[in-house]
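Hi everyone, thanks for coming. Have a look at the chain on the screen, and I'll walk you through how its inside is put together.

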Amino acid sequence: MSAYDELVPVLKKLRLSGLLQSLEVRCREAADANLSLTEFLYRLLADEVERRDGKQLDVRMRRAAFERPSTLEDFDFSFNTSVPRTKVLELGTCAFVERHENVLVVGPAGVGKSHLAQALGQRACRAGHAVLYVSAHDMLTQLRASRADNSYERRLLRFTTPTLLIIDDLGLRPLTGEEGIDLYEIVRRRYERAATCITSNRALEEWPPLFGDALLASAAMDRLLHHAHVLTIEGDSYRNPPPAKRTRAPRAAQVETIAR
């Protein structure tokens with residue numbers, strides 16, 4: 001039996017069988033480049049770290065439940081100049097996630113709110129954070145249904161434990177029943193413990209009436225706006241651009257170098 005054959009069960013027992021994917025290539029590389037044993041070992045283990053990081057990233061992206069791949073690099077900042085590019089790129093460093101701050105993105109339909117929110121979420125995933133993307137309607141529907149089978153607390157944890165929670169399209173419809181209480185409870189439990197990003201077609205001054213109770217609204221908005229970054233976007237819809245923008249030649253993807 002060769003040394004390679006003897007090595008396979010040892011690596012499996014140590015749960016390092018992923019090294020087998022690059023072991024042969026690294027061995028040839030070490031022989032051709034006359035690498036030291038330390039350099040050879042470093043490159044081999046670095047391959048395993050990269051493999052594991054990639055696997056963990058795939059898990060985080062899948063659990064985040066994004067609707068589509070969205071990046072800051074493919075966002076057209078020139079389409080609507082009201083998008084605060086410098087601020088968005090700053091948020092793209094994900095420092096706001098580490099500081100447990102909120103991002104509130106408001107503006108009419110089609111101006112890129114969901115794209116920006118999901119792009120920030122995918123940046124956060126790449127930075128190692130647990131992220132969940134959910135529409136406000138789906139989130140509140142799940143919580144309402146959880147009361148029927150006594151799983152409310154368990155379901156609430158789904159929305160209060162992620163490092164970054166992205167709630168999309170808040171306010172498309174009035175909150176009914178106990179939905180105002182549910183939204184407040186999520187805001188309260190996440191306050192200064194985790195970051196929250198909310199998008200809405202409604203201006204911020206239109207949010208309090210959604211709760212249906214002045215005191216509840218005041219308590220929720222006070223927490224949301226404390227440590228908050230507010231992005232107000234105005235302009236044309238990407239989905240239905242005016243003729244002048246519709247006929248414009250497509251721009252090349254913008255590549256930004258952003259520290260992580």
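This is a predicted model: local features need pLDDT of at least 70, side-chain atom pairs count only at pLDDT 80 or more; totals for chains, interfaces and linings use all residues.

In soluble globular proteins, nonpolar side chains tend to be buried together. Here the largest nonpolar core has 30 residues, and the members that touch the most others are Val131, Leu164 and Ile166. Which elements supply at least two residues each to this core? They are the helices α3, α4, α5 and α6, along with the strands β1, β2, β3 and β4. Helix α6 gives the largest share, with six residues.

Leaving out residues up to four places away in sequence, Val131 touches Arg63, Ala64 and Phe66, then Gly121, Ala124 and Cys125, and finally Pro162, Leu164 and Ile166. So much for that one. There is also a second, separate core of 29 residues, with Leu140, Tyr152, Leu170 and Ile198 among them.

Now, the rings. How many aromatic pairs are there? The count is two. One of them joins Phe66 and Tyr133 in a tilted arrangement, with 6.4 Å between centres and 40° between the planes. Phe66 sits in the loop between α3 and α4, whereas Tyr133 belongs to strand β2, so this pair links parts of the chain that are 67 residues apart. Phe66 and Tyr133 are both buried. The other pair is Phe75 with Phe77, edge-to-face at 5.0 Å centre to centre and 70° between the planes. Are these two buried or exposed? Phe75 is buried because its relative accessible area is 3%, under the 20% cut-off, and Phe77 is buried at 4%.

While we are on rings, look at Tyr191 too: Arg223 lies over its face, at 6.0 Å from the ring centre.

Last, helix α8, which covers residues 152-160. Which of its residues are buried? Tyr152, Leu156, Phe159 and Thr160 are. They cover an arc of only 90° around the axis, which means they lie on the same side of α8. The spacing makes sense, because an α-helix has 3.6 residues a turn and residues three or four places apart point the same way. And what covers the buried residues of α8? The cover includes strands β2 and β3 and helices α7 and α9. Tyr152, by the way, is the residue we met in the second core.

That's my tour, and I'm happy to go back to any part of it.

Conventions: Residues are numbered from 1 along each chain as its sequence is written. Side-chain values use heavy atoms; hydrogens and water are left out. Buried means under 20% relative accessible area, exposed over 50%, partly exposed in between (1.4 Å probe, protein chains only). Helices (H or I, at least four residues) and strands (E, at least two) are DSSP runs, numbered from the N terminus. The arc is that of the directions from the helix axis to the C-beta atoms. Contact means heavy atoms within 4.5 Å. Rings of Phe, Tyr and Trp (its six-membered ring) pair if their centres lie within 6.5 Å; planes under 30 degrees apart count as stacked, over 60 as edge-to-face and the rest as tilted. A charge sits over a ring if NZ of Lys or CZ of Arg is within 6 Å of the ring centre and within 35 degrees of the ring normal. A nonpolar core is a set of buried Ala, Val, Leu, Ile, Met, Phe, Trp, Tyr and Cys residues joined through side-chain atoms within 4.5 Å.
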